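Please consider the sequence and model shown below. The paragraphs that follow lead through the fold, the surface and the charged pairs.

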Amino acid sequence: MAESESQKGNYCNRGKMEENFKMDMEELLEEMEKLTVRAAWMAYDYVAIQTNPDLSNAMQHLEYVFLMCKEQMQKKWQEVLLE
């Protein structure tokens, strides 16, 4: 009788381990998909920049303007909170 209870416990543990393994594999596959998409976009951006050097300057300017705008929005938000 003790053996059958032990076997049931092993079966339950094995089932949980299998379920955890499947979940881990799904998470890893999702992460790999995200990384693959990022790598593809990086390659696309690299080709675009190599083809048109002005694009790099335009992107840097856009990033600079975005950061300035973000800073101003944060300042305004702080003013609103203080009122």
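Which residues form a negative surface patch? The patch is formed by Asp24, Glu26, Glu27, Glu30, Glu31 and Glu33. Patches are made of residues with over 30% relative accessible area and no salt bridge, like charges being joined within 9 Å and nonpolar side chains (Val, Leu, Ile, Met, Phe, Trp, Tyr) within 5 Å. Lys and Arg count as positive and Asp and Glu as negative, while His and the chain ends are not counted; the place of a charge is taken as NZ of Lys, CZ of Arg, CG of Asp or CD of Glu.

This is a predicted model, in which local features need pLDDT of at least 70 and side-chain atom pairs count only at pLDDT 80 or more, whereas totals for chains, interfaces and linings use all residues. Residues are numbered from 1 along each chain as its sequence is written, and side-chain values use heavy atoms, with hydrogens and water left out.

The secondary structure consists of 2 helices and 0 strands (DSSP runs numbered from the N terminus, helices being H or I of at least four residues and strands E of at least two). Helix α1 covers residues 2-51 and contains Glu27, a member of the negative patch. Of the 83 residues of the protein, 0% count as buried (buried means under 20% relative accessible area, exposed over 50%, and partly exposed in between, with a 1.4 Å probe and protein chains only). The protein exposes about 8,400 Å², of which carbon and sulfur atoms supply 62%; accessible areas come from the Shrake-Rupley method with a 1.4 Å probe, and for residues only the protein chains shown count as cover.

A nonpolar surface patch is also present: Phe21, Met25 and Leu28 make about 310 Å² of it. Met25 is found in helix α1 and counts as partly exposed because its relative accessibility is 35%.

Side chains of opposite charge can pair when their charged atoms come close. The structure holds 2 salt bridges, each defined as a side-chain nitrogen of Lys or Arg within 4 Å of a carboxyl oxygen of Asp or Glu. In one, the side chains of Lys22 and Glu18 meet at 3.5 Å, N to O. These two residues are 4 residues apart in helix α1, and so are separated by about one helical turn. Lys22 is partly exposed at 49%, and Glu18 is partly exposed at 44%.

Lys75 and Glu71 also form a salt bridge, at 3.5 Å from N to O. Because Lys75 and Glu71 lie 4 residues apart in helix α2 (residues 53-82), about one helical turn separates them.
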